[in-house]
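Please keep the structure open beside you as you read.

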Amino acid sequence: MIEWHDTLMTRHSGCLGAALVAVVVSAAVAPTAFAEGDGSSKLSFHGSLTQAYARTDGETVLGIPERGTSDYRTVSLQFGYALGDNDRMVVQLAHERIGESPGMAFRQDVELDWAFFEHRFSDAFEVKAGRVQIPRGIFNEIRDIGTLLPFYRPPSAFYSETVSASETVDGVVVSSHLRRDQAWSIDADLYCGGWNSLESGRTGLVRTRVENALGVHAWLQTPLEGLRVGGGVHRMTTRSQATATTQPQINAGQYNVAAEGVFGPVVLRAEHAYSHSPGIVFRANYAQGGIKVWRGVVANAEVQNAELELSSGRLLGTFGLIRDFGVGLNYEFRPTLILKLEAHHNEGSGIGTPSPKARYGMASVAVSF
Amino acid sequence: MFMTKIAALRLAAGAAIVWRLLPAPAAAADGYKVVINAANPVTSLDRREASAIFLRRSTRWPDGTTVMAVDGPDSPAREAFSKDVHGKKAASIRSHWLQVIFSGRGVPPPEKASDNDVILYVKTHPGAIGYVASATATDDVKVLKVTP
C-alpha cells in the first residue's frame, strides 16, 4: 500500500490517473455517497480498481521486472445516462499501468475506454453505436475488471492487444437474444467498424489501424444449468506501419470457439482462436479451472499457449509466442472486493532467438462498485 | 520518526478501507413477498417471469407500462428472494450485475435502504415491483403471488 502510494504519486503516473484512482477508491469505500436519489435517477456511476505488486525471478515478463513493481494497475470509471426507457449513453474512462512494458509508451495516463449510444428496440434486440466493447469470447468485454477475473488479467495468449484481438470497435454492435430464459437460448452479436492496435515491427512496437472489420459472435445456453458454448468469426483489413512499404493493406480473418461451465463450486473454461493473414497463422488456446474450497476461498489454475506459423519471408516455421502455467488463490470478501495471490511459469516470445523464461508472482486487490 | 508515523497512518487508512468493505454478519432466515403498485392489474407471476423482470430482461408489463424493478437492502428477505426466484445466492446475482455493468449491457435496479423505502417506491410508481420481508406492512401496495 505504501509503496504503491509513493509510486503512484511521485514517479510514474500523472495527475489524471491518480485522480481516477482516488475517485474509485472513495466511491468504493463510501458507496452511499454515490447512491441514486429516489431510485428514479437517469444517471449511473460505476467503477473498478485492481492494484497489484508483482516480481519475476529473472527475465522481465509482461512488464514485470526482477526487482518487482507496484506500478501495475487497472482503473475503470463508468458514467451512464438514460435518455429514456430505451435509450442511453455510456462512457467509460480507463487508466492502466503495466510496469515496464514497452506498450506503455503508447498509452495516455487516462484514456477513453469506450463511449456509445444504445437503443433498445425490444427486450430481444438492441443496437450500440460509438466505441463499443467487442463481444468476443468469455472475457473480452470485461478484460480490466479484476472482480470478474480469476487472475489479474485474462489469458494474455487469447486477450492481448493485437490486431485481431481488440477490446473495442469504433462502429456498431447489434445484439439479439433468442428464446431468452428458455432451456436452449442464443445470445448473438454482430459488429462492424475498425480499431487502433499495436504490432511488432522491425524497430519495436508500431501503431496499426484495422478497418472494415465485420464479425459475429454467439453464445448458446444449454439445458445443462451453467453450461454455455460459443464461437465467432470476423474478417478485417489492416493498415500496418510495419509493413507499409511492401503491403499497405492486409486482409485477415479469425475464428474462435469457447466453452464455459459453472457447476456449483466448480468453474471450467476453455477457448481457442485461429487467426490468419497472408503468410501468417496465429493460434491461441487456454484452459482454466477454479474451485471454491472454503467459504470465500477459490483456488484457480490455468494453462495457455500461443504460437505463430510463418510461411513467407526470411523466417519460416512455427514459433512459440507464449506458454504460461498459472495457479492462484483468491479470497472473496464480497463480490466487489477480492484479494488474489498468483504464481506463473512463463515462456515468452522467441522468434529466431531463445525464448525468455521466467516465473513471476503477483499479489493484487480488486474492488468495484 | 516522522516517516514512521506517516506509514502508520497509511496502514490505518488501508485497514479502515478493508473493514468498511467487509460483509455485515447475516441475520436469521426470513421469508419475502413480492409487491407491485396497487393500480397494476397483474395478480401473479411465475418464477421465471419474476426473475426476468428483476434481471431487467423483461421490461414491460402486459399493458405496455415500463417495469420499474427495485431491489431491497441486504437482508434475509433478499437472500430468500434471490434463492427462490433466481435460483442463486444474492452474491451470485451481484456478480451477475457486475458482469452486466462492465460489459456495458445494462445497470441493476436501484437498491433501497429499507423495506419501508421499497414500499414507498412501489406505492408511488405505477410500474414498480419490489420485494420485502414477510412481516413488512403492505397495506398501500398489492402483494403478488409468485408461482413455481
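1. Let me begin with helix 2 of chain B, whose buried residues pack against strand 2 (44-46), strand 3 (68-69), helix 3 (76-86), helix 4 (90-102) and strand 4 (128-133) of that chain. Contact here means heavy atoms within 4.5 Å. The helix covers residues 47-54, and its buried residues are Ala50(B), Ser51(B), Ala52(B), Ile53(B) and Phe54(B). Buried stands for under 20% relative accessible area, exposed for over 50%, and partly exposed for what lies in between (1.4 Å probe, protein chains only). Helices (H or I, at least four residues) and strands (E, at least two) are DSSP runs numbered from the N terminus.

2. Some ground rules before going on. This is a predicted model, where local features need pLDDT of at least 70 and side-chain atom pairs count only at pLDDT 80 or more, while totals for chains, interfaces and linings use all residues. Residues are numbered from 1 along each chain as its sequence is written, chains are lettered from A and ligands numbered from 1 in the order in which they are written, and side-chain values use heavy atoms, with hydrogens and water left out.

3. Both ends of helix 2 of chain B deserve a look. At its start, a side-chain oxygen of Asp46(B) comes within 3.1 Å of the backbone nitrogen of Arg48(B). After the helix comes Arg56(B), with a positive phi near 60 degrees.

4. Next, the sheet of chain B: five strands form an open sheet with mixed pairing, in the order 2-5-1-4-3. Strand 2 and strand 3 of chain B are the edge strands, each pairing on one side only. Strands count as paired if DSSP finds at least two bridges between them. Strand 2 of chain B runs parallel to strand 5 (residues 142-147) of chain B over three bridges, and Leu45(B) has Val146(B) as its bridge partner in strand 5.

5. In chain A, follow the hairpins. Strand 10 (residues 250-263) and strand 11 (residues 266-277) of chain A are antiparallel, with eleven bridges; Glu260(A) is partnered there by Arg269(A) in strand 11. Two residues separate these strands, and Gly264(A) in the turn has a positive phi of about 60 degrees.

6. Strand 11 of chain A also pairs with strand 12 (residues 280-294) of chain A, in the antiparallel sense over twelve bridges. Here Tyr274(A) has Arg283(A) of strand 12 as its bridge partner. This hairpin has two residues between its strands, and Gly279(A) takes a positive phi near 85 degrees.

7. Compare the bridge of Glu347(A) and Arg323(A), where the closest N and O atoms are 3.5 Å apart. Glu347(A) in strand 15 (residues 337-347) and Arg323(A) in strand 14 (residues 317-334) of chain A lie 24 residues apart. Glu347(A) is buried at 17% relative accessibility, whereas Arg323(A) is partly exposed at 43%.

8. A polar atom of its side chain lies 3.1 Å from the backbone oxygen of Asp144(A). Leaving out residues up to four places away in sequence, Thr74(A) touches several residues, including Ser48(A), His95(A) and Tyr152(A).

9. Finally, please inspect the nonpolar surface patch of about 470 Å² made by Leu190(A), Leu214(A), Val216(A), Val233(A), Tyr255(A) and Val257(A). Strand 8 (204-221) and strand 10 of chain A each give two or more residues to this patch. Val216(A) lies in strand 8 of chain A and is partly exposed at 35% relative accessibility. Patches take residues with over 30% relative accessible area and no salt bridge, joining like charges within 9 Å and nonpolar side chains (Val, Leu, Ile, Met, Phe, Trp, Tyr) within 5 Å; accessible areas come from the Shrake-Rupley method with a 1.4 Å probe, and for residues only the protein chains shown count as cover.

Definitions and conventions
A polar contact is a pair of N or O atoms within 3.5 Å; within protein, one must be able to donate a hydrogen and the other to accept it, and residues adjacent in sequence count only if both atoms are side-chain atoms. A salt bridge is a side-chain nitrogen of Lys or Arg within 4 Å of a carboxyl oxygen of Asp or Glu.
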